[in-house]
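Visitor: Hi! Could you walk me through this one?
Guide: Happy to. Here it is.

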Amino acid sequence: MSAAAAQAPAGIAEVGIEREEHFTTDGQQVHAARFGMWCWLLTELLLFAGLFLCALIIRIMHPASVTATTTHLKFWIGATNTAVLIVSSFTMSGAIELSRIGWQRGTVRFMLATAALGTLFLVLKGYEYYQDFDEHMMPFLHGRRYALAQDPSTILFTDLYYVTTGLHGLHLTTGVSILLVMAWMASRPGFLQRHQNRIEIFGLYWHFIDLVWIIVFPVLYVLNR
Amino acid sequence: MTPPPDSLIGTIETALREPHPGRITIDREPDYLHDEHTLWSWLTTTDHKRIGILYLLSITAFFIVGAFAAGLIRLSLVVPNGQIFSNDTYNKLFTIHGVVMIWFFLIPSIPATFGNFIMPIMIGAKDVAFPRLNRTSWYIFVSASLFTLFTVVAGGVDTGWTFYAPFSTTFSNTWVVPALIGVIVVGFSSILTGLNFIVTIHTMRAPGMTWFRMPIFVWTMYAVSLIFLLATPVITMALILLVMERVFHIGVFDPALGGDPVLFEHLFWFYSHPAVYIMVLPGMGVISEIVPVFSQKRLFGYRFVAYASIGLASLTFFVWGHHMFVNGESETSALVFSVLSFAVAVPSAVKVYNWTATIYKGTLRLDTPMLYAMGYIGLFVVGGLTGLFLATLAIDEHVHDTYFVVAHFHYIMVGGTALAFLGGLHYWWPKFTGRLYPEAWGRLSAFLIFIGFNATFAPQFVLGYLGMPRRYHNYPPEFQLLNILSSSGSLVLALGYVFPMVYLGWSLRYGAKAPPNPWNAKGLEWTTASPPPKHNFETPPTVDFPPYDYRRRETRV
Ligand code: HEM
Ligand SMILES: [Cu+2]
């Protein structure tokens, strides 16, 4: 397909879903799938909530040492990453909008852009971990000296920082992988006719990962800084 | 050697050609059991009915394992000085018993079996909303629970089912980490089941099946699914942190490292108190089905029972602190949690009164399911009332961590949930299998279980009140008599459990064929064949009648 054709109505695919046999109407299937994702996100939210609760309680119990630790977290990398994820939410919404009107090529490109932003986040995060490593901020590495105060609660908060960002990173890695697979499938003919709503549902998940980071960032980096 | 008579060969030949003689195969879809025959077709099925049966088989296996451990515990307690097993073995035994019974039997029991099989039919759906996800959750359940079973049996874990820190994080030298990982993974199977049910109930109801035409069982499935979805992830996180603590010493629950062990208890009970309602709500749902049928009367106060289910599912999130009255909780929060725990008794009592009022002036039939249901009501009342004792601060100070607590929760979980499970199993057995079970045997074992249960657990109230702590197998000799009473009761109880396994198995082959509606019941599940066809109904149902649509007595005469 040439670039010109992609912008012309010829590049516009039909949009719809393929109905599974246990549903009576298309609307029912679409509703069920979207609702199912919302339920899943609710569960995920409570999963992270347990972690946030622990972090906040540790903050209340040991305000001084936690504040000392947060000043060592790389605020600007975290802030940049927040911006990166917010932009990626916009590109994801773009992909969804384009998939609704059936512009296949545009959809795929926006999905790839979203995946690229997600990867950028992970790269920046990796660089941040590298700096942490460099500054001897990894208490769980037994062979390596820990540079921050030897007060146990700083270690505890630093560990929680790894658990929280690690869990978020895991979600993001999953998200990027699914996104890449889906972009590949969407680049083939017929995907929008049969599975357009999968893009919408995935979009919910992506926004959720974004949202979780928007909570993680203040809870770990910003409060009491 | 004489050749077999012709007639025999003839029979064999017909049997080979037509495996189910006498069944009309021309204009009917084959039922879900005979649709395909291979083991492979069972393992790859997405049919909610078959998945329900798969769950039924697996949780029965786990029940047998858990019951076996319980038998050994009771054996050990026959003598006061704990000579029969070493202390370590005893600790591992009660951990096996608790872990298997709670995580692998009680929590999935009714939702995953009857919920999967019956609930979609009750609302007139062809299947659950996500059939493949449903199958996945069974696989998660089976693999994770077999893994955990292996670790607790082969390796051994001695923390009890509660995994309290700091014992589980610092002091225990057993296979805690693999067991935790197993329990974490099993949680996902609960979450996926809950998610599937909520979406199914919201989106898959048949035309005309409004919310207030749904049977109470469906309401309780909805309530339970809410708890699955909202509470399970919290314990997942708590257990993940526990694993991290053991492996990397991060110390969220370790005071020496700046953490707080009571925080673990908070997170644990924030799930595990709602989890006790995961266990008991479905039982309430089953009883609310059985009681109207065998009284041939509408369920008294249908809306109240429905609201009470949702009320319980919400209130249950606010009472977890009653497990920690004496474990480092401030007086103020203890007071608040005590009052809130009393509030939970209100919706529970609403249900009990409604069942009783349903029976009142009904046309009673004391068939097996009804015997179980009546047993349930009585035992649940005892369990719930003693729960109120425990929620009273002054009494709990005295009986916390004694056999009084053990008796309390067994009255609810065994006397309640397990009886409801058996009642439901008998009630829906014709629907599951297309066969009737021998009624006399059913009644006999219902009586045995009731008597055996009370003989086992009633003495434990006394023991606990007199001060016998739980989880010890050394006790002062003056407690021996009551312990022997309890252990011998458990033999009767065990016999009561063996009977159904035998005669239900027997009925699969020799039981009489069941009609579509052997009980004259009114739910949608009784309007389709027994066993149901693959897509549940020959023609998709439309609903224009209220639930429990039994004619009033006056109009029937
Ligand atoms: C009327 C509602 C109930 C109230 C007020 C209540 C109250 C309590 C209290 C205060 C305790 C803590 C006792 C202690 O450790 O000192 C307790 C323990 C327990 N309850 Fe209940 N309960 C109620 C219903 C239930 C139900 C419905 C179940 C189960 C299906 C249940 C299962 C348990 C279990 C498993 C424990 C002990 C957990 C452990 O420490 O291992 N309770 N209950
Ligand atoms: Cu509780």
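Visitor: Which protein atoms are donors of the copper ion (ligand 2)?
Guide: They are ND1 of His273(B), NE2 of His322(B) and NE2 of His323(B), lying 1.9 to 2.0 Å from the copper ion. Donors here are N, O and S atoms within 2.8 Å of the metal (3.2 Å for Na, K and Ca), and water is not among the atoms, so sites may look incomplete.

Visitor: Before we go on, what should I know about the model and numbering?
Guide: This is a predicted model, in which local features need pLDDT of at least 70 and side-chain atom pairs count only at pLDDT 80 or more, while totals for chains, interfaces and linings use all residues. Residues are numbered from 1 along each chain as its sequence is written, chains are lettered from A and ligands numbered from 1 in the order in which they are written, and side-chain values use heavy atoms, with hydrogens and water left out.

Visitor: Thanks. What spacing do the copper donors follow along the chain?
Guide: The spacing is H-x48-H-H.

Visitor: And His322(B), buried or exposed?
Guide: His322(B) counts as buried because its relative accessibility is 18%. Buried means under 20% relative accessible area, exposed over 50%, and partly exposed in between (1.4 Å probe, protein chains only).

Visitor: How many Å separate the copper ion (ligand 2) from the iron atom of ligand 1?
Guide: The separation is 4.4 Å.

Visitor: Which protein donor does that iron atom have?
Guide: The iron atom of ligand 1 has a single one, NE2 of His408(B), 2.2 Å away. His408(B) sits in helix 14 of chain B. Helices (H or I, at least four residues) and strands (E, at least two) are DSSP runs, numbered from the N terminus.

Visitor: What else is in helix 14?
Guide: Helix 14 spans residues 403-433 of chain B, and Gly416(B) is one of its residues. Gly416(B) counts as buried because its relative accessibility is 0%.

Visitor: What is Gly416(B) in contact with, beyond its neighbours within four places in sequence?
Guide: Gly416(B) is in contact with Tyr376(B) and Tyr411(B), where contact means heavy atoms within 4.5 Å. The C-alpha atom of Gly416(B) is also separated by 8.5 Å from that of Met284(B), a residue 132 residues apart along the chain.

Visitor: Switching topic: what about chain B overall?
Guide: Chain B has 17 helices and zero strands. Its radius of gyration is 24 Å, close to the 24 Å that the globule rule gives for 557 residues, so chain B is as compact as a globular protein of that length. That radius is taken over C-alpha atoms, and the rule is 2.2 Å times the number of residues to the power 0.38. Along the principal axes, the C-alpha atoms of chain B fill a box of roughly 80 × 70 × 45 Å.

Visitor: What share of chain B is buried?
Guide: Buried residues make up 59% of the 557 residues in chain B. Among contacts in chain B with a separation of 6 or more, 82% are accounted for by residues 24 or more positions apart.

Visitor: Where do the cis peptide bonds turn up?
Guide: One is from Ala165(B) to Pro166(B), with omega near 0°, and Pro166(B) is placed in the loop between helix 5 (131-155) and helix 6 (167-171). Another joins Ser530(B) and Pro531(B), with omega about -10°. Pro531(B) lies in the loop between helix 16 (480-510) and helix 17 (553-556).

Visitor: Last one: what does chain A consist of in secondary structure?
Guide: Chain A comes to seven helices and zero strands. Buried residues make up 50% of its 225 residues. The C-alpha atoms of chain A fill a box of roughly 65 × 40 × 30 Å, taken along the principal axes.
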